[in-house]
Amino acid sequence: MTPATPRRERGLVRPYVVTDGRSHPTRNTFDLVTLVMAHSDRPLSGLSPEKRRMMELCLGGALSVAEIAGHLALPVSVTKVLLGDLVDSGHLATRAPIPSAQLPEAQILQEVLDGLRARL
């Protein structure tokens with residue numbers, strides 16, 4: 001008996017098979033940090049195993065595109081194609097991440113501190 005190749009052990013499927021031969025998502029709005037949320041009222045029947053797993057991951061809360069790709073061990077490009085399909089079918093919703101707050105200038109903070117000290 002010959003040992004299985006590493007690819008067979010991992011169950012690797014070529015990306016073009018997973019994406020039905022497509023290399024670009026239907027929408028170009030996905031960034032690595034785009035947040036993805038699943039709609040719990042959508043049926044999972046008829047979805048491919050990868051799409052079903054994406055839905056299961058996102059039902060627990062918002063995940064970024066990079067996190068989903070990491071959990072599924074898929075290239076980000078493949079993940080984006082599958083996410084586009086699920087957004088188009090109404091299974092998923094996306095939103096841009098909340099931008100981090102900008103820190104106030106040091107001068108403003110010093111003025112606030114001076115004002116508080118003057119009142120005490």
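Visitor: How many salt bridges does the structure hold?
Guide: This is a predicted model, in which local features need pLDDT of at least 70 and side-chain atom pairs count only at pLDDT 80 or more, while totals for chains, interfaces and linings use all residues. Residues are numbered from 1 along each chain as its sequence is written, and side-chain values use heavy atoms, with hydrogens and water left out. A salt bridge places a side-chain nitrogen of Lys or Arg within 4 Å of a carboxyl oxygen of Asp or Glu. The number of salt bridges held is two.

Visitor: How many residues apart are Lys 51 and Asp 85?
Guide: The side chains of Lys 51 and Asp 85 form a salt bridge at 3.2 Å, N to O. This pair joins distant parts of the chain, with Lys 51 in helix α3 (residues 49-59) and Asp 85 in helix α5, at a separation of 34 residues.

Visitor: Is Lys 51 buried or exposed?
Guide: Buried means under 20% relative accessible area, exposed over 50%, and partly exposed in between (1.4 Å probe, protein chains only). Both Asp 85 and Lys 51 fall in one class, namely buried.

Visitor: What separates Arg 53 and Glu 56 in helix α3?
Guide: The side chains of Arg 53 and Glu 56 meet in a salt bridge of 3.8 Å, N to O. An α-helix has 3.6 residues a turn, so residues three or four places apart point the same way. Because Arg 53 and Glu 56 are three residues apart in helix α3, the separation is about one helical turn.

Visitor: What is the relative accessibility of Glu 56?
Guide: Arg 53 is partly exposed, with a relative accessible area of 37%. Glu 56 also counts as partly exposed, and its relative accessibility is 42%.

Visitor: How far apart are the end C-alpha atoms of helix α5?
Guide: Helices are DSSP runs of H or I with at least four residues, and strands are runs of E with at least two, numbered from the N terminus. The expected span is 1.5 Å times one less than the number of residues. Helix α5 (residues 76-88) has 13 residues and should therefore span 18 Å, which agrees with its end-to-end distance of 18 Å.

Visitor: Where is Ile 98 placed, and is Ile 98 buried or exposed?
Guide: The position of Ile 98 is the loop between β3 (92-95) and α6 (106-119). Val 33 is 65 residues away in sequence, yet 9.8 Å away in space, C-alpha to C-alpha.
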